[in-house]
Amino acid sequence: MVLKERTWHFNNAIPNNFCKAIIKYYSLLKDEQATVGSKADGGLIKKRTRNSLVNWINEKWMYDLIHRFVGLSNRNAGWNFDVNFTEKIQFTKYKLNQHYTWHKDTHIPSDINEPIRKISSVIFLNSPKDYKGGEFQFKLDNEKKQEIVNVKPDAGTVIVFPSFITHRVTPVTSGVRHTLVSWTKGPQFK
């Protein structure tokens, strides 16, 4: 699949005080160690691959917020993916030395009727001044070479991208990095 736009950005789209309130509220909850694969699918804790702390959000107002950005990106980037469901939203903390190695957010299930992750989104909740390291990176194929794109946006920035794009979070070397992550699903590509 050839994409004209591989990522879509909304810089400073969410007010800073709103981001701080989300961090404050969800930081009060008990963290879970992130797994590779979902718990429902027998996800495993593999700290060499993925080391972060998560909480899960299932609130309508949060879905409404995220769907606005996912819908605009899907249209404006020209992806026009058939999507119809968003998984629980993940509040993620990366503390000292925590990271997530190169990965894609989607896979092709054996059952052709099972929906797949098509669009991923990340809302950056705190300023890059609050932490060192923790860069969000994309690995993009450009004709004859591979390009690694570093992203370390301001608080309130939303980045949306197809779930099959390879990406990672580099290790945090100081401070704490906070994000909201979501995955929007739809029927498998034809």
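Residues are numbered from 1 along each chain as its sequence is written. In this predicted model, local features need pLDDT of at least 70 and side-chain atom pairs count only at pLDDT 80 or more, while totals for chains, interfaces and linings use all residues; side-chain values use heavy atoms, with hydrogens and water left out.

Helix H1 spans residues 16-27 and helix H2 residues 60-76, and the two pack at an angle of about 140° with their axes 14 Å apart. Helices (H or I, at least four residues) and strands (E, at least two) are DSSP runs numbered from the N terminus; axes are lines fitted to C-alpha atoms, for helices over the stretch in contact, and angles run from 0 to 180 degrees between N-to-C directions. H1 is therefore oblique to H2, the class left after angles under 35 degrees (roughly parallel), over 145 (roughly antiparallel) and 65 to 115 (roughly perpendicular). The contact (heavy atoms within 4.5 Å) is formed by Phe18, Ile22 and Tyr26 of H1 together with Trp61, Met62 and Leu65 of H2.

Valine 54 is located in strand E4, residues 53-57. Because its relative accessible area is 2%, valine 54 is buried; the term applies under 20%, with exposed over 50% and partly exposed in between (1.4 Å probe, protein chains only). Apart from neighbours within four places in sequence, valine 54 contacts Asp31, Glu32, Ala34, Gln90, Phe91 and Thr92. Between valine 54 and phenylalanine 69, 15 residues apart in sequence, the C-alpha to C-alpha distance is 22 Å.

The loop between strand E6 (89-94) and strand E7 (99-103) contains glutamine 98, which is buried because its relative accessibility is 8%. When residues up to four places away in sequence are not counted, glutamine 98 touches Asn51, Ser52, Leu53, Lys93, Thr170, Pro171 and Val172. Its side chain makes a polar contact of 3.1 Å with the side chain of asparagine 51. A polar contact is a pair of N or O atoms within 3.5 Å; within protein, one must be able to donate a hydrogen and the other to accept it, and residues adjacent in sequence count only if both atoms are side-chain atoms.

Asparagine 97 also lies in the loop between E6 and E7, and its phi is positive, near 70°. Most residues other than glycine have a negative phi. Asparagine 12, likewise not a glycine, has a positive phi of about 50°. Asparagine 12 is placed in the loop between strand E1 (8-10) and H1 and is partly exposed, because its relative accessibility is 47%.
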